[in-house]
Amino acid sequence: MDLSSLLHLLLMGLLVASLPLAIVWMSADPNKYRKLVWVMVFLTFDLIVFGGFTRLTDSGLGCPDWPGCYGEANPFLAHEHIAAAEAAMPTGPVTVAKAWIEMIHRYLAMGIGALILALLFTSVKQWRRTHNEVFKPAMPLALLVSVLVQGAFGAWTVTLKLQPVIVTIHLLLGMMLLAMLVWMGCREDYLLKPPPLARGMEQMRDLVRRLRGLRILSLLAAVVLVTQIALGGWVSTNYATMACDTFPLCQGALVPELDFEHGFHLWRELGMTKEGHYLPFSALVAIHWVHRAFALAVVLVLGLAAWRAWHLPEVGTTARRLLLVMVVQLFTGIATVYFDFPLAIAVMHNAGAALLVILVTMLNYRVKFQLDAARAAPAPEFGNALLRQQAP
């Protein structure tokens, strides 16, 4: 890719970033820094959903090179190459529509990268001027490192021809970036306006006791959710969605023939075993079945976390939303199989996973903040002693 095309590509990323920056700048919200963080949460969610759309429409190789398309900054300029590839293989990975889907995904990713640079620049500038905890640059710097690693896996996704482990890690890194932004947004909210705490020794003791249990449970919910998203990504990247085409049975049995050895060998080409043979169907069944079975653990852990948080201050609303999204996610997963993999429902299922990441991250931050604040809150001397005894 020549320098002119590369500069053209970078300009596209800046143009994508310019609209949200203009929205933040013209916003009536006096805290532009916090506003930018939440705008980035929204855009990163959109990027993950569009990434799912890119994967589900088989557009990941719509442009078979990186970062441009046949060395050009957009599919218009590469039209001759794309048309030739499409004429040679009309149902292949390269078509005009797929090229545009893939490049739009890349433009969005570059736009978010530009916004993270803007966030880091603002953070460093304000931190040097005020030393206000709100502008501490550690998190923006971590976001920059994360998006650079994510970009590298985006490139390897193309150059390694959709190797399942690379595509799955690419998905997980996108979810991690989303979680980091949500965590940062919650931090900015609470630094700006800390929520009120319970008053009185008995209330404080009860609050600390309940939050301690919920803290462990919310962390477990995060671990379980990440595991399930990894399994879901493994299903999608191995094209195993319809390996079980009925529900609740799979291939007519509760536990069908399962080939875990080939299905869960990580480093291999798409559709192939580690020895280079075609992946047996029983391996695809194993991939799908494990994702389906582990959904029970997700329901139990996330459902229990939502139930425990239901009536707690500052987290009850998050718990109710978490429960609602989890139920919808179950239905979209079942509907994807029941209706023979419709694209719209499959994209909704991807969006539901991202929403669960947002809500579980919010739950974890708010529980942690409440617990730390409750332990540090002033209380009668003997009350403080009791709180210290309960602290781990």
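Student: Helices here are DSSP runs of H or I with at least four residues, numbered from the N terminus. In which helix does Leu220 lie?

Tutor: This is a predicted model, and in it Leu220 lies in helix H7, which covers residues 201-237.

Student: Is Leu220 exposed, partly exposed or buried?

Tutor: Leu220 counts as partly exposed, because its relative accessibility is 42% and that class lies between 20% and 50%.

Student: How far is Leu220 from Trp38, in sequence and in space?

Tutor: The two residues are 182 positions apart in sequence, and their C-alpha atoms are 25 Å apart.

Student: What about Val149 and His170?

Tutor: Their C-alpha atoms are 9.1 Å apart, with a sequence separation of 21 residues. Val149 belongs to helix H5, residues 138-159, and is partly exposed at 35% relative accessibility.

Student: Let's turn to packing. How do the axes of H9 and H11 cross?

Tutor: The axis of H9 (residues 281-309) comes within 13 Å of that of H11 (residues 343-376), and the two cross at roughly 35°. The crossing is left-handed.

Student: Which residues meet there?

Tutor: From H9 the residues are His291, Leu302, Ala305 and Ala309, and they meet His349, Leu356, Val360 and Leu363 of H11. By class, the contact has six nonpolar residues, two polar ones and no charged ones.

Student: Now the aromatics. How many pairs are found in the whole structure?

Tutor: The search gives 10 aromatic pairs. One of them joins Tyr190 and Phe369, whose ring centres are 4.6 Å apart; the planes stand at 90°, so this pair is edge-to-face.

Student: Is Tyr190 buried or exposed?

Tutor: Tyr190 is buried, because its relative accessible area is 6% and the cut-off for burial is under 20%.

Student: Which aromatic cluster includes Tyr190?

Tutor: Tyr190 forms one cluster with Trp183, Tyr365 and Phe369.

Student: What lies over the face of Trp310?

Tutor: Arg320 does, at 5.4 Å from the centre of the ring.

Student: Then what is phi for Asp58 and for Tyr70?

Tutor: Asp58 has a phi near 60°, and Tyr70 has a phi of about 55°. Neither residue is a glycine. Asp58 is placed in the loop between H2 and H3, and Tyr70 also lies in the loop between H2 and H3.

Student: How accessible are they?

Tutor: Asp58 is partly exposed, at 34% relative accessibility. Tyr70 is partly exposed too, at 26%.

Definitions and conventions: Residues numbered from 1 in each chain as written. Predicted model: local features only at pLDDT ≥ 70, side-chain atom pairs only at ≥ 80, totals over all residues. Heavy atoms only, no water. Axes fitted to C-alpha atoms, helices over the stretch in contact; angles between N-to-C directions. Left-handed = near helix turned anticlockwise from the far one by under 90°. Contact = heavy atoms within 4.5 Å. Nonpolar A, V, L, I, M, F, W, Y, C, P; charged D, E, K, R; others polar. Phe/Tyr/Trp six-rings, centres within 6.5 Å; stacked < 30°, edge-to-face > 60°. Buried < 20%, exposed > 50% of the residue type's maximum accessible area, 1.4 Å probe, protein only. Lys NZ or Arg CZ within 6 Å of the ring centre and 35° of its normal.
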